[in-house]
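Thanks for coming, everyone. Please have a look at the sequence and the structure on the screen before I start.

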Amino acid sequence: MSDFSRLAINSATTKKWTLAQVVEGCVNAGIPSIGPWRDRVEEAGLDKAARLIKDAGLRVSSLCRGGFLTAADAEGQAAALADNRAAILEAVALDTRELFLVVGGLAPGEKDVVAARQRVADRLADLVPFAAENGVRLVLEPLHPMYAADRALISTLGQALDLAAPFDAATVGVAVDTFHVWWDPELKAQIERAGRENRIASYQVCDFNMPIAADPLLSRGYMGDGVVDFATIGTWVRDAGYTGDIEVEIFNQEIWDTDGNTVLSTVKERYAELVLPYA
């Protein structure tokens with residue numbers, strides 16, 4: 001029997017399911033933890049969502065997502081801070097410490113990457129006291145460089161760790177998402193650094209499929225379908241001391257069109273074969 005005690009399902013993996021369906025599916029599949037997206041929580045209602053998950057006996061591995069901190073104007077910056085503070089309180093209500101941040105890309109019409117990254121650092125500094133007050137860790141997620149312009153100007157684990165460095169590791173951590181960082185020649189060293197600094201807040205797994213989909217967001221796949229070396233990356237993460245949940249997050253239209261219970265069954269099979277032996 002495989003040990004699925006650390007397996008978590010991000011609700012994006014079964015995109016067509018409501019939160020209630022994700023919860024039911026995880027219970028039936030024996031998956032103990034879920035990572036809901038805020039849209040699913042909003043649809044259910046925050047209080048109802050929290051009760052639903054708790055009554056089912058599931059953990060919340062993380063909440064996706066806050067971030068988008070690169071607005072250049074005062075109104076946009078204020079709106080971003082308000083949304084992220086709301087997300088922090090949602091994380092508290094859902095009983096998770098981990099709030100993912102996708103930091104944002106260039107502002108409309110902007111080409112100054114340096115200035116935009118500085119605004120990320122400035123807004124993060126604005127948010128940290130509120131996060132610390134509420135016992136929530138802001139989880140910086142580096143995204144693959146193809147998303148730099150519109151989604152995340154942080155593309156490497158090293159960049160994320162540099163951004164986190166001024167703050168307590170209990171309040172700002174980083175995510176290791178295999179889809180986004182598998183290619184990085186500095187990955188081993190940066191995972192080791194993240195372990196030394198106690199900043200690994202999440203390990204997310206899915207594959208990087210080729211050829212890249214027409215919509216690059218949908219190029220994720222089941223573990224084993226693409227080019228990611230889960231044995232090597234998983235060993236690095238394990239050796240860095242990470243013992244938390246391992247969350248499967250897949251954006252893929254074919255998978256979304258598949259029956260959710262079949263998806264969860266396939267995830268468990270691939271997890272047991274390709275991820276668990278190195279966790």
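First, the ground rules. This is a predicted model, where local features need pLDDT of at least 70, side-chain atom pairs count only at pLDDT 80 or more, and totals for chains, interfaces and linings use all residues. Residues are numbered from 1 along each chain as its sequence is written, and side-chain values use heavy atoms, with hydrogens and water left out.

Let's start with empty space. Rolling a probe the size of a water molecule over the atoms shows where such space is left. A pocket here is an open set of points on a 1 Å grid over the protein atoms alone, where a 1.4 Å probe fits, with protein on both sides within 12 Å along at least five of seven lines. A lining residue has an atom within 4 Å of a point. Points are joined across faces, edges and corners, and the volume is the space filled by probe spheres set on them.

How much space lies in the largest pocket? About 370 Å³. Its lining has 21 residues, and the closest to the centre are W37, R65, L217, E249 and F251. Helices and strands here are DSSP runs, numbered from the N terminus; helices are H or I with at least four residues, strands are E with at least two.

What is the lining made of? The residues split into 11 nonpolar, two polar and eight charged. For the sorting, Ala, Val, Leu, Ile, Met, Phe, Trp, Tyr, Cys and Pro are nonpolar, Asp, Glu, Lys and Arg are charged, and the others, Gly among them, are polar.

Now the second largest pocket. Its volume is about 260 Å³. It is lined by 20 residues, with R137, I200, A201, Y242 and G244 nearest the centre. Both α8 (187–196) and β8 (200–205) supply at least two residues of this lining. The largest share, three residues, comes from β8. By type, this lining has six nonpolar, nine polar and five charged residues.

Next, charges. Side chains of opposite charge can pair when their charged atoms come close. We call it a salt bridge when a side-chain nitrogen of Lys or Arg is within 4 Å of a carboxyl oxygen of Asp or Glu. How many does the structure hold? There are 17 salt bridges.

Take R59 and D245. Their closest N and O atoms are 2.4 Å apart. R59 sits in strand β3 (residues 59–60) and D245 in the loop between α9 (230–239) and β11 (246–248), so this pair ties together parts that are 186 residues apart in sequence. R59 is partly exposed, at 37% relative accessible area, while D245 is buried, at 16%. The cut-offs: buried is under 20%, exposed is over 50%, partly exposed is in between, with a 1.4 Å probe and protein chains only.

Now a pair within one helix. D126 and R123 form a salt bridge, with 2.9 Å between the closest N and O atoms. The two are three residues apart in helix α5 (residues 113–133), about one helical turn. D126 is partly exposed, at 33%. R123 is buried, at 11%.

Then R199 and E197. Here the closest N and O atoms are 3.6 Å apart. Is R199 buried or exposed? Buried, at 6% relative accessibility. E197 is partly exposed, at 30%. Both residues belong to a network of salt bridges that links D162, R193, E197 and R199.

Last, the backbone. The peptide bond joining C64 and R65 is cis, with omega about -10 degrees. R65 is in strand β4. Recall that R65 is also among the residues closest to the centre of the largest pocket. Another cis bond runs from M210 to P211, with omega near -5 degrees. P211 lies in the loop between β9 (207–208) and β10 (220–221).

F68 is not a glycine, yet phi is near 50 degrees. F68 is in the loop between β4 and α4 (74–93), and is partly exposed at 33%. D95 is not a glycine either, and has phi of about 65 degrees. D95 is in the loop between α4 and β5 (98–102). At 68% relative accessibility, D95 is exposed.
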